Amino acid sequence: MLPSQRRIPPILLNSILLLMSMLAAKALSATPPTTQRSILVTGANKGQGYALCDRILAEHADTHVFLCSRNAQRGEDAARALLEKYSGDRLDVIPLDVTSQASVTTAYELVTTNLAKHPHRTLFGVVSNAGILWGYTLQELLDVCTVGVRRVMDAFCPLVDKGGRVIVVSSGLGPLMHGYSSEARQEKLKSADCTYEDIQGMMDECLAVIEGDDETGSLPAQFEEIGFSGGPFAESAPDFHMYGLAKMFADAYMLSLARQYPDLHVVSCDPGLVYTDLIGRMPRYQGKVREDTTAQTPHEGVEAAMRLLFDADGAAPPESGRFYAMSKDGSEFLHSEISKMPNK
């Protein structure tokens with residue numbers, strides 16, 4: 001038998017084929033896609049923000065994430081954990097403190113530079129997720145949950161591609177406080193001519209009540225007098241009243257943003273009760289593990305945001321200016337005006 005006619009032993013042949021398959025798979029994973037949808041997520045180094053980045057990368061191979069974190073080191077730690085699971089150039093850390101205009105401006109410069117260096121990427125979505133909840137002043141709550149949302153959206157919405165997604169992670173307490181507000185306030189917050197300047201004026205009125213409080217226990221009455229009653233929460237859980245006001249104003253800003261950017265899908269969503277350090281500050285949850293509560297895991301809590309970012313097969317894109325939430329049993333995806341919770 002001539003040397004050229006010798007047969008390769010089966011074991012050696014299988015080894016060669018396996019090696020070729022592994023090399024081909026590695027080359028494929030290292031090759032950037034023709035186009036890559038970038039999604040910017042604030043408050044993404046932990047909790048729901050981290051879970052959202054994880055699910056985006058796990059469930060949609062054509063995506064790239066700008067993981068934004070107030071603390072740069074924590075952002076890098078979060079990114080390192082994600083990159084252990086996902087290969088390729090799919091994630092960048094962006095230091096971003098939503099309470100600092102200078103920080104937002106620097107983040108904008110980093111993102112625009114990144115997109116310019118990677119022409120196959122486009123900014124497909126912005127998710128304003130950074131938030132605080134219990135044990136903060138109204139000023140702090142507004143600075144993060146309302147004004148912080150505006151700082152981020154003013155910077156990044158102009159970069160979002162036509163048809164892209166802009167999501168304000170809100171709370172069911174937003175529509176609830178809207179419903180407790182006076183009829184005149186409700187109408188203004190929903191009106192087509194309501195601007196951010198109008199919203200800022202209402203926030204200033206609320207802050208004036210706090211600053212002028214003489215500690216006589218009259219705060220609930222004063223808030224009711226200016227049209228922003230907290231209902232039963234005003235006395236029983238004032239932290240919820242203040243937090244709800246901040247989210248209510250953020251939803252109203254979302255509505256004005258939807259009018260400003262008719263080519264984008266701009267919405268708010270309620271994740272429901274989620275087990276993160278946000279609720280860990282609340283007395284009823286302190287020291288409890290998730291199994292002892294009715295809270296969802298962070299990965300479950302971002303289901304509404306995932307559905308808003310990525311349309312299910314055959315589903316229409318989200319309707320701008322609406323408030324979205326999953327039903328309590330998780331079987332339905334619901335939406336309503338900002339003045340009321342979807343029928344969960």
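Predicted model: local features only at pLDDT ≥ 70, side-chain atom pairs only at ≥ 80, totals over all residues.
Residues are numbered from 1 along each chain as its sequence is written, and side-chain values use heavy atoms, with hydrogens and water left out.

**Residue T63**

T63 is found in strand β2, residues 63–69 (strands are DSSP runs of E, at least two residues; helices are runs of H or I, at least four; both are numbered from the N terminus). T63 has 0% relative accessibility and therefore counts as buried (buried is under 20% relative accessible area, exposed over 50%, partly exposed in between, with a 1.4 Å probe and protein chains only). Leaving out residues up to four places away in sequence, T63 touches Q36, R37, I56, L57, R90 and F310 (contact means heavy atoms within 4.5 Å). The side chain of T63 reaches the backbone oxygen of H60 at 2.5 Å, and a polar atom of that side chain lies 3.3 Å from the backbone oxygen of I56.

**Aromatic rings**

The whole structure holds 8 aromatic pairs (rings of Phe, Tyr and Trp, the last by its six-membered ring, pair if their centres lie within 6.5 Å; planes under 30 degrees apart are stacked, over 60 edge-to-face, the rest tilted). Two of the pairs are listed here.

| Pair | Centre to centre | Angle between planes | Type |
|---|---|---|---|
| Y180 and F233 | 6.5 Å | 50° | tilted |
| Y196 and Y253 | 5.6 Å | 80° | edge-to-face |

Y180 lies in helix α6 (residues 173–180) and F233 in helix α10 (residues 233–236), so their pair ties together parts that are 53 residues apart in sequence. Y180 counts as partly exposed because its relative accessibility is 30%. Y196 lies in helix α8 (residues 196–211) and Y253 in helix α11 (residues 238–260), so this pair ties together parts 57 residues apart in sequence. Both Y196 and Y253 are buried. One aromatic cluster is formed by W134, Y180, F233 and F240.

**The second largest pocket**

The second largest pocket has a volume of about 240 Å³. Its lining has 16 residues, and R307, L308, F310, D311 and A312 lie nearest the centre. Elements that give two or more residues to this lining are α2 (47–59) and α14 (303–309). The most comes from α14, with 4 residues. A pocket is found on a 1 Å grid over the protein atoms alone, as an open set of points where a 1.4 Å probe fits, with protein on both sides within 12 Å along at least five of seven lines; lining residues have an atom within 4 Å of a point. Grid points are joined across faces, edges and corners, and the volume is the space filled by probe spheres set on the points.

Note on methods. Polar contact = N/O pair within 3.5 Å; in protein donor to acceptor, adjacent residues only side chain to side chain.
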